[in-house]
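Here is a short briefing to read alongside the sequence and the 3D view. Take it one topic at a time, and keep the structure open as you go.

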Amino acid sequence: MISRQIELAGPDTKLNQFLAPFIEKQFERRLVLIHCPTFNFESFQFEVLKNRGYYAYPPRSLQCLSVAVKDLGVQTDILDLNFRMLETLMSMDPNVSVDLYKVLIGILDEYLENNPEVNIFGVSTGVIVPNIFRVERHPFLEVLSHLMAKGRGLVLAGGPCATIEARNLVQGKWAHVGFKGEAEDRLHYFLGLLFGEKTTTRMSGICFLAGDQYVESSGSTAMVDFKGSLIDTYAGLPVEKYHSIGCLSPFSRMAGTEKPYASLQLIRGCRMSCTFCGLTQYRGSNEVCQYPTDILFDEIVYLAKQRGIRHFEWLDEDLLADRSAILEVLQKLVDADLKVSWAADIGLIAVYLDKPLLELMAKSGCVGFRIGVESGNEEMLRKIKKPATKGKLRGISKRLKQYPEFFVVGLYMLGFVGETYRQMFDTLEFAIELDLSWSHFCVYQEMEETDLKVVSRLDSNTRHTEYKDWLPSTQKVVGSSAVGGGSQKTWSARELFQLPGESVHAVEVKQELWFAFNLIVNYMCNKNLRPGGNTDHLIRWLLGLQMTYPHHPVMSLFLSLGYLVTGDRRQADLQFDRTIENLADSEYWRNRFEGYELNRVMGAYPFENCVISDFLIDIVSGYSPPFSIHHQFKSDKIEHLDAVASA
Ligand code: B12
Ligand code: SF4
């Protein structure tokens, strides 16, 4: 029986003892860093693939790691199984059934056969599914177990999931070693020991078995402050092809699926410590580190000029942490006139978005960004330590109205521990009031280590659960036709709004509230369907979403409305017909349309004698939400009329 007790190793002796048998084997200084698939095998659809709807991030984490160990004379390959799989699947006949695991292991085996001298395998949880032990066959575990079974050398696991599951991965012998958190320094130290190099500071967060005991190394917990240039790592990476098999986010799809893209990082970490966010814990502190702006800009120029990259997305959690640094990079982008676009999909801290910065963002090619709002309830904002107040956010939303060229997405959370229905309805009301281009609601879920019982498959019931997508968790539930076909009870909008405001929410109602909030804010009340709105923006965004959710009837219905507003009747009819087809295929969606009176919208098509947005608002008003919807939009209409009059 394996002990669950963590022993914080004091001296390096345990790590050295663990490494001794591997040191004896005198491995070549060859390392392969493997990026696992980031798409869900259980719900894979060829149609989504062909639409380039799956995530395909160039593996920046692995590029950084390879640079970090270069001075040890380690030659590193990067095997991006996500990219390679999507590329392989793209060339396959969609009508022939495919065994995804066979494709995965086939690519891995081909690499192993061609590179017999590689004995160190670093595997990254580049996956979208955190509950790796709760599904039957998780691609990350498949890759690890395949490598362990080969017995060719050291198998190392790293990345966010491995950080949380390090103990289970090591105790279950899925990997020899688990690395926690950001790992440039840890990997350098570890390989230094393996190759008998003089090592300096001992590092914490390296997890392994000493006999049958789980050990986590002790030592420096200092944050990684990586400064290396990644340009050389692109030599073996077909970065200009990633856009041809996938996307980075709805922003990259909106910017144009034909645009080669890449990701960038200026700041690591975030200055804030919102209670619900895993970043501080994952990184070990809420201090931030900054890449040198000149090195980063050289990378941008290299990617744009030599590799044809046309769209960039920031991976930063706190891109605006150093005002002078971001202003410098954006000014350089303007001066170099690289003709690129960019987006910040992860989220900016809204309070820093002042006028000079917004001006420069617009000039330098920004197409959109997200801002964290999280809650519309002041008490909840304080409780979760969000660095914002409703007053400040109102001011920012007003300022953002002067920049209609930006597609701005608000990020909201639903279902914090102890949250009442009233507090959740406050969030809905506030999202409508802020009136951003889109509002991303996320159902709060705790990410935690899997219970040993489940890992050991002692409890087979809990193991047979579904994949859980975190990004965008809930769109999966209602967004994918493959998932939305179940017989679960769905609530009508009226039923939801009768829930008692002062009661703490019931977990099983969370997804229902998500559905209502998403539909009401993003579709029924969308500002870009109203007179004076940027309807083209909405259309491009929805077309981007439709690539991932091709059978989603709400998306097709609102695309048809968008096209009606712009006067493109042909496209409107095509999307309307698509809605009818989508509904014919799904009882689930027919129930939803009834519960939210979308059938009335279908009946009113093509809206010859009325303003579409007014019609939609009337329907929402009929849901009887605990606040006045008409009141919210009156001023807006007056503002619009004023603008028309003064023009
Ligand atoms: C892009 C991104 C994604 C992309 C794609 C990632 C990919 N690899 O393809 C997608 C959209 C798929 C995604 C999904 C998810 N993500 Co994400 N994602 C990010 C983001 C924004 C950037 C990642 C990145 O490239 N960073 C830059 C590189 C340099 O850092 P890194 O990836 O962390 O890599 C370091 C270590 O992880 C480690 N490492 C990584 N791989 C390996 C392999 C080996 C062998 C070793 C030794 C070490 C090692 O060393 C690297 C260098 O220091 C980060 C936030 C951030 N700014 O980092 C969040 C972040 C990593 N995601 C997070 C989460 C929670 C998720 C999700 C669960 C859902 C969600 N809410 O975002 C899923 C599931 C991910 C999973 N289970 O692994 C959290 C992790 C928090 C935690 N406590 O673990 C972060 C920190 C965001 C946050 N604020 O909460 N994500
Ligand atoms: S501001 Fe964003 S990244 Fe920073 S701690 Fe809060 S939620 Fe996490």
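Pro 606 sits in the loop between α27 (598–604) and α28 (612–622). The peptide bond leading from Tyr 605 to Pro 606 is cis, and its omega is near 5°. Please keep in mind that this is a predicted model.

- As background, most peptide bonds are trans, and most residues other than glycine have a negative phi.
- Lys 173 has a phi near 55°, a positive value in a residue that is not glycine. You can find Lys 173 in the loop between α8 (166–171) and β6 (177–179).
- How many other C-beta atoms lie within 10 Å of Lys 173? There are 13, and because a residue counts as exposed with 12 or fewer and as buried with 20 or more, Lys 173 is partly exposed.
- Lys 339 also has a positive phi, about 60°, although it is not a glycine. Its place is the loop between α13 (323–336) and β13 (341–348).
- Is Lys 339 buried or exposed? Lys 339 is exposed, with 8 other C-beta atoms within 10 Å.
- Glu 597, which follows α26, has a positive phi near 55°.

**One helix and its covered face**

- Helix α26 covers residues 587–595, and its buried residues are Trp 589, Arg 592, Phe 593 and Gly 595.
- Looking down the axis of α26, you would see these buried residues fall within an arc of 165°, so they line one face of the helix.
- What covers the buried residues of α26? The cover includes α21 (493–497), α24 (553–566), α25 (569–584) and α27.

**An open parallel sheet**

- Six strands form an open sheet with parallel pairing, in the order β9-β12-β13-β14-β15-β16.
- Gly 368 has Phe 407 in β15 as its bridge partner.

**A covered strand with two partners**

- Strand β2 (residues 30–35) is mostly covered, as 5 of its 6 residues are buried.
- β2 runs parallel to β3 (residues 75–80), and 6 bridges join them. In β3, Thr 76 is the bridge partner of Leu 31.
- β2 also runs parallel to β4 (residues 120–124), joined by 5 bridges. Here Leu 31 stands opposite Ile 120.

**The whole chain**

- The chain has 29 helices and 16 strands.
- Of its 647 residues, 47% count as buried.
- Among contacts between residues at least 6 apart in sequence, 76% join residues at least 24 apart.

Conventions. Residues numbered from 1 in each chain as written. Chains lettered and ligands numbered in written order. Predicted model: local features only at pLDDT ≥ 70, side-chain atom pairs only at ≥ 80, totals over all residues. Pairing = 2+ DSSP bridges. Helix = DSSP H or I, 4+ residues; strand = E, 2+ residues; numbered from the N terminus. Arc of directions from axis to C-beta. Contact = placed C-beta atoms within 7 Å.
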